[in-house]
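Let's take a friendly tour of a protein model. Have the sequence and the 3D view ready as you read.

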Amino acid sequence: MKRTPFGAWPCSIARAVDIVGDWWTPLVLREMFYGLKRFDEFERTLRIGRNILTQRLNRLVAEGLVERVPYQDKPLRHEYVLTEMGRDFFPVLAAMTRWGDRWLAPEGAPVVLHHSCGHV
């Protein structure tokens, strides 16, 4: 199915959705905040197809949320690291988590976020 591009719309929500509004991208970013950096880690944890993961990571790199950093020379291998722009997405994920916990998790929050000071 062809996507409608929202990048040129005069709306910041539409422009953000254009980058992170598919099914997998927020989950890839979530895993990055959990500390994952390598392609095989994302693939294994998310159980996502290699082609889809490749597309999502390439888009995140192209849009500036993530950068590819070499961690091995022979063979050349890269890991994916959040940029400042990518790190600034955390409050969005935290808000989605809070909303989902309130409205979609009758059994209780599956993940509890803690501030660096130790408070929930």
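Predicted model: local features only at pLDDT ≥ 70, side-chain atom pairs only at ≥ 80, totals over all residues.

Residues are numbered from 1 along each chain as its sequence is written, and side-chain values use heavy atoms, leaving out hydrogens and water.

**The core**
- The largest nonpolar core has 19 residues, and L29, F42 and V66 touch the most other members. (Such a core is a set of buried Ala, Val, Leu, Ile, Met, Phe, Trp, Tyr and Cys residues joined through side-chain atoms within 4.5 Å; buried means under 20% relative accessible area, exposed over 50%, partly exposed in between, with a 1.4 Å probe and protein chains only.)
- Not counting residues up to four places away in sequence, L29 touches V20, L60, L65, V66, L82, F89 and L93, where contact means heavy atoms within 4.5 Å.

**Helix α4 (50–63)**
- Helices are DSSP runs of H or I with at least four residues, strands are E runs of at least two, and both are numbered from the N terminus.
- Within α4, the buried residues are L53, R56, L57 and L60.
- They cover an arc of only 95° around the axis, so they sit on the same side of α4; the arc is that of the directions from the helix axis to the C-beta atoms.
- Turned away from that buried side are the exposed residues N51 and A62.
- Cover for the buried residues of α4 includes α2, α3, β1 and β2.
- After α4 comes G64, with a positive phi near 95°.

**A charge over a ring**
- R38 lies over the face of Y71, 3.6 Å from the ring centre. (This needs NZ of Lys or CZ of Arg within 6 Å of the ring centre and within 35 degrees of the ring normal.)
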